[in-house]
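Hi,

Here's the structure I promised to pass on.

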Amino acid sequence: MSVDRERVAALTRELLVAIGEDPDRPGLRQTPQRVADAYAEFFAGVGEDPAEPLSHTISVTQGPAPDTLPSGAVLLRDIRFRSTCEHHLLPFAGHAHIAYLPGEQVVGLGALPKVVEILAARPQVQERLGEQIADTIASSLDARGVLVVLDAAHQCVTMRASRQSDSATVTIAARGVLAEPAARADIIALLGRA
């Protein structure tokens, strides 16, 4: 589903009127279309299949490097993401860290950020975003375990009410053997290293 830019522009114009602004003044004339274009980008993941980037797997034993079987987790950290909080339609942004224990199939590392991007480009809450990323990886790969850690700053916290400009929210979603705290301790320790 694509964003209805014309409708978003009309609603933005109405919003400007509702807050007491003149949408025809020079600084605001192009704002409705700019907001429509931005929303088309912000919500491009609505209706997209987040598992699609994981559909091209590589066999560990039959693939290009069968003599290099992974014995531990594959960890990709510091994946930058941005999303929009569904409660206030304000942005939140930060880093995703993804680890999985491969079974027979692995994916190219570039597939993991694509999963994050698709799921983040929707109205979201951080807790659900992490769970959706973990579920997508767990159901698309034969991973023995999945761990997703999200660390993000939310503008609904940093710019509203208490204005806690230095606050960050960290969430953890785990599947399989990595759902056990002892099993994921090494991975969590790696996240703290620069």
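Start with Ile137: leaving aside neighbours within four places in sequence, Ile137 is in contact with Leu54, Ile98, Tyr100, Leu112 and Val146. Bear in mind that this is a predicted model.

Ile137 also belongs to the largest nonpolar core, which has 30 residues. Together with Phe81, Tyr100 and Ile133, Ile137 touches the most other members there. The largest share, six residues, is from α3. Apart from this core lies another one of eight residues, including Ala99, Leu147, Val149 and Ile187.

How many disulfides does a search of the whole structure find? It finds zero. Cys85 is in no disulfide, and the nearest cysteine sulfur, in Cys156, is 4.2 Å away. A disulfide needs the two sulfur atoms within 2.5 Å, so at 4.2 Å the sulfur of Cys156 is too far from that of Cys85 for a bond. Both count as buried, because the cut-off is under 20% relative accessible area: Cys85 is at 6% and Cys156 at 14%.

Not counting residues up to four places away in sequence, Thr158 touches Arg163, Gln164, Ser165 and Ser167.

Cheers

Definitions and conventions. Residues numbered from 1 in each chain as written. Predicted model: local features only at pLDDT ≥ 70, side-chain atom pairs only at ≥ 80, totals over all residues. Heavy atoms only, no water. Core = buried A, V, L, I, M, F, W, Y, C linked by side-chain atoms within 4.5 Å. Buried < 20%, exposed > 50% of the residue type's maximum accessible area, 1.4 Å probe, protein only. Helix = DSSP H or I, 4+ residues; strand = E, 2+ residues; numbered from the N terminus. Contact = heavy atoms within 4.5 Å.
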